Amino acid sequence: MAGIPDGFDVGLAARVFDAAIDQDLWADLIHELAISFGAITGCVISVNQVNGDGFQGAWFSREVQRALQTYNDTLSKHEADGIPIIANSVPHTVLTELDLWPDDPNLYSRPDFRWFEENVGFRHRIAAKLSEDQTFFNTFAVQFHHSRGQATASERELFRAYLPFLEQSVRLANVFQTLKQHFNAVLSVMDKYLVPVVIVDANARRIVSNKSADTIIDNEGLVRFDPTGRLYLLNNTGNERLRAAISTASYTASGHESAPVDAIQVPKANGQDTLWIEVAPLRDTDQELESHFQGAIIKIYDPSYHPHISIDGFGAIFNLTDGEMGVARLMVDGLSTDEIAEMRGASPNTVRTQIKSVLSKTRSSNRTALVRKALSAHLPIDVGS
């Protein structure tokens, strides 16, 4: 990560990924992060916007935890107007309370501000949205002691440097906590997660691959394991980047690098679709795999192979018309433009226009990006026996 600010702790950044597997670690981790850039408390919030039964994460440093019940019962309503400002901001933009409530001349006299100052000890705050994905409201915020002023420029810079790590950790927590809830395990039950996943060490050697990944690797010519079990891509440029991403992710997991995630898009042979390969650091805090394992977790998104994907809720959040929702459902089911046109009794040109509109409204660069977004919003977890 270019331009690492003074005070950035790569070991602390690496430990962010521990909390993805073990949510009990969040409280101490958030406290340690907050202290590192001059704050006294903090919180990480993740809410699935399209799936009411989906992932809802809210983790707080212990000072805030003690105040939560009172806040939720009587004070949270005062902050409601600030939430859309965070949700509509550019990811990783650092916002203060003056950005969230710019038109309130009596902000510091508001009941919630007075209560937090008297009972928890903070007044000023900074916050940032973690992800561009509108299907989730993911944010990180910290609060500063009332005896001091706003965050300094260097404190904001340090705060911003940790955001990519938190962004990816929360994305992993979405999957990991759901697996732990159902199976009381994570890495050893990856077959239950129907997105293709491969876990590798720093040398790209396979430690675990789930059934979905094995199916793609058997049927899709772009991804392979060599005789020694190392993952590689037939596309030379993509393979070089994959090896570099795995190495960097592994060093990040060990606390010696500071690059939280890489996403590689590789064109498929049909010339229309791409594979999206997402590489992130992984630390096995529960020791389900190798003792003290530190490597990379790789998700493979292929628009032509995936379990049934739900896009329920996309119409409301992305303002898709009924016609666009019909097209979007067929897109994530893997149908081509001509197949969609035939299914819907429309001309290919009409369908192309609708596809373009769907991708634009959902902020998806291509069909694979739309599939990736849908699989994040509605996790394909096999909860059967």
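Biologist: In this predicted model, where is glutamate 79 found, and does glutamate 79 count as buried or exposed?
Modeller: Glutamate 79 belongs to the loop between α5 (68-75) and α6 (83-87). Its relative accessibility is 17%, and the limit for burial is under 20%, so glutamate 79 counts as buried.

Biologist: Which residues is glutamate 79 in contact with, leaving aside its neighbours within four places in sequence?
Modeller: With those neighbours set aside, the contacts of glutamate 79 include the aromatic residues Tyr71, Trp101 and Phe116.

Biologist: How many residues apart are phenylalanine 37 and tyrosine 162?
Modeller: Phenylalanine 37 is placed in the loop between α3 (26-36) and β1 (41-48), whereas tyrosine 162 sits in helix α9 (residues 153-183). Both phenylalanine 37 and tyrosine 162 are buried. Their pair links distant parts of the chain, the separation being 125 residues.

Biologist: What is the angle between the planes of tryptophan 101 and phenylalanine 113?
Modeller: Tryptophan 101 and phenylalanine 113 form an aromatic pair with a distance of 6.0 Å centre to centre. The pair is classed as edge-to-face, the angle between the planes being 85 degrees.

Biologist: Which parts does the pair of tryptophan 101 and phenylalanine 113 tie together, and how many residues apart are they in sequence?
Modeller: Tryptophan 101 is buried, as is phenylalanine 113. Tryptophan 101 comes from the loop between α7 (97-100) and α8 (111-119) and phenylalanine 113 from helix α8, so the parts tied together are apart in sequence by twelve residues.

Biologist: Which residue has its charged end over the ring of phenylalanine 113?
Modeller: A charged end lies 4.4 Å from the centre of the ring of phenylalanine 113, and the cut-off for a charge over a ring is within 6 Å of the ring centre. Elsewhere, arginine 123 lies over the face of tyrosine 108, at 6.0 Å from the ring centre. The residue over the ring of phenylalanine 113 is arginine 125.

Biologist: Which residues do ring pairs link into a cluster?
Modeller: Phe37 and Tyr162, the tilted pair described above, are among the members of this cluster. The cluster linked by ring pairs consists of Phe8, Phe17, Phe37, Phe140, Phe159, Tyr162 and Phe165.

Biologist: At what angle do the axes of helix α14 and helix α15 cross, and how is α14 placed relative to α15?
Modeller: Two packed helices are described by the angle between their axes and by the distance between those axes. The axes of α14 (residues 337-344) and α15 (residues 348-361) come within 9 Å and cross at roughly 110 degrees. Because angles from 65 to 115 degrees fall in one class, α14 is placed relative to α15 as roughly perpendicular.

Biologist: How do the residues of the contact of α14 with α15 divide?
Modeller: Helix α14 contributes Thr337, Asp338, Ile340, Ala341 and Arg344 to the contact, and α15 contributes Pro348, Val351, Arg352, Gln354 and Ile355. By type, the residues of this contact divide into five nonpolar, two polar and three charged.

Biologist: Where is alanine 328 found, and which residues is alanine 328 in contact with, leaving aside its neighbours within four places in sequence?
Modeller: Alanine 328 is part of helix α13 (residues 322-332), and with 1% relative accessibility it counts as buried. Its C-alpha atom is separated by 8.6 Å from that of leucine 370, which lies 42 residues away along the chain. Beyond the sequence neighbours, alanine 328 is in contact with Ile311 and Val358.

Biologist: What is the relative accessible area of alanine 204?
Modeller: Alanine 204 is located in the loop between β6 (197-200) and β7 (206-209). Although alanine 204 is not a glycine, its phi is positive, at about 70 degrees. Alanine 204 is buried, and its relative accessible area is 0%.

Key:
Residues numbered from 1 in each chain as written. Predicted model: local features only at pLDDT ≥ 70, side-chain atom pairs only at ≥ 80, totals over all residues. Heavy atoms only, no water. Phe/Tyr/Trp six-rings, centres within 6.5 Å; stacked < 30°, edge-to-face > 60°. Helix = DSSP H or I, 4+ residues; strand = E, 2+ residues; numbered from the N terminus. Buried < 20%, exposed > 50% of the residue type's maximum accessible area, 1.4 Å probe, protein only. Lys NZ or Arg CZ within 6 Å of the ring centre and 35° of its normal. Axes fitted to C-alpha atoms, helices over the stretch in contact; angles between N-to-C directions. Parallel < 35°, antiparallel > 145°, perpendicular 65-115°, else oblique. Contact = heavy atoms within 4.5 Å. Nonpolar A, V, L, I, M, F, W, Y, C, P; charged D, E, K, R; others polar.
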